[in-house]
Amino acid sequence: MSLTPYIVLSAILFTIGSIGVLTRRNAIVVFMCVELMLNACNLAFVAFAHQHGNLDGQVAAFFVMVVAAAEVVIGLAIIMTIFRTRRSASVDDASLLKF
Amino acid sequence: MTAFWVLAPIMVLAALGILFVRKAVHAALLLAVVMISLAILYAVLEAPFLFAVQIIVYTGAILMLFLFVLMLVGVDASDSLVETIRGQRALAWLTGLVFAVVLLVGLTQITFGTAVGLDGEGGANEGGNVQALANLLFSRYVFAFEVTSALLITAAVGAMVLAHRERLSPKAGQAAIAAQRVRDFTEKGTHLGPLPPPGVYARHNAVDTPALLPDGSPAPASVSRVLAARGSVRAADTLADDIDDITAQLGQDVATKPETSGKAGATASSEEDQAATNGDHGVRGQGKGDHK
């Protein structure tokens, strides 16, 4: 079993996720694309763990999942707060944060 | 490898779908497809613990959280097509494609050799994948694991702080609401009792049919304001007209048997009921005849 197809799939998913972050305007969809990128990295971790025959990659993927869960909780709470004040979930409408 | 070649096109198509679908709910469902496929790939790659965690944590918890927030924010919160930075969308696509090409060219030039694998004799999964992962987590990665707990607690507290809203006015209790009602009655003459129920007619008793007032006009308070705003309230007059039709159909009965006509007119029943009452009449008439 070769490793290359897994890594290529991981790269494709990561690229799709990054394009989504750059092009979509809905903050929640942007968040989903970030999750897609994290998942692509996890796939690479697990594939490399299988390639090298040790479990460090799986432990790393596990930590990525934990951090992703924490990140989603905080991120969605921020989106909710912004939506409450601005009545919009678009990332463009929150541009006044810099003033 | 069969599982991979079946799942990989599905995953790429679903991921591309996230970029193009208009509704955020559809994007969430496509993400669920990607994540479940990933879980199966983890199982293929001899990581049964991560297979379970991927399904439970990602598809079970995180995606449901996404869907909850989508419901709170509003399902129809779709993308605006206005570009705040000119040409940003096209440039983003160009950058993404260049990134993909560079990454793929680089990756395909590497050869990895044969995989060692985790299962089997002397593999890292010997004695169980979960046990082996636990050995690693609580020995070499124990500090990172403890820091993770601090991170999770911070995230939980942060979410509570962000979602908390200070109440500016005291919450109205039952006594306060009752007092307000009586005050409204004395000052504005608002009806003190509960709202009237929706109309009950021979063929309709749904909540979208208003009740009739004694003068024959529909009572506006008997249907929900939401239904009225949507414009899906039925006209009560057409329903009430049925009553006249039925009394007209029963006219002969009314003429011949005045003692039951009041009852038939008041209930204004449907055809089946009508037939039943007619039959009833017939039986009663026979009985009367026998009695004579």
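Leu16(B) is partly exposed, with a relative accessible area of 30%; partly exposed lies between buried, under 20% relative accessible area, and exposed, over 50%, using a 1.4 Å probe and protein chains only. This residue sits in helix α1 (residues 2-20) of chain B. Leu16(B) and Ala27(B) are 11 residues apart in sequence, and their C-alpha atoms are 9.8 Å apart in space. Helices here are DSSP runs (H or I, at least four residues), as strands are (E, at least two), numbered from the N terminus.

The model is predicted: local features need pLDDT of at least 70 and side-chain atom pairs count only at pLDDT 80 or more, while totals for chains, interfaces and linings use all residues. Residues are numbered from 1 along each chain as its sequence is written, chains are lettered from A and ligands numbered from 1 in the order in which they are written, and side-chain values use heavy atoms, with hydrogens and water left out.

In chain A, the UniProt annotation "transmembrane region", from an unreviewed entry, covers residues 6-22, 29-48 and 60-83. Such annotations may be inferred rather than shown by experiment. The span 29-48 is 100% helix, with its end C-alpha atoms 29 Å apart. The span 60-83 is also 100% helix, and its end C-alpha atoms lie 34 Å apart.

Helix α2 (residues 27-52) and helix α3 (residues 56-86) of chain A have axes that come within 9 Å and cross at roughly 175°. Axes are lines fitted to C-alpha atoms over the stretch in contact, and angles run from 0 to 180 degrees between N-to-C directions. α2(A) and α3(A) are therefore roughly antiparallel, the word for angles over 145 degrees. The contact residues divide into 16 nonpolar, 4 polar and 2 charged.

α2(A) also packs against helix α3 (residues 48-73) of chain B, at an angle of about 175° and with the axes 11 Å apart. That makes α2(A) roughly antiparallel to α3(B). Residues that meet here include Met32(A) and Asn39(A) in α2(A), and Tyr58(B) and Phe66(B) in α3(B).

Helix α5 (residues 129-137) of chain B has the buried residues Asn129(B), Ala132(B), Leu133(B), Leu136(B) and Leu137(B). Seen down the axis of α5(B), they fall within an arc of 135°, so they line one face of the helix; the arc is that of the directions from the helix axis to the C-beta atoms. Their cover includes α3 of chain A, together with α3 and α6 (142-163) of chain B.

Notes
Parallel < 35°, antiparallel > 145°, perpendicular 65-115°, else oblique. Nonpolar A, V, L, I, M, F, W, Y, C, P; charged D, E, K, R; others polar. Contact = heavy atoms within 4.5 Å.
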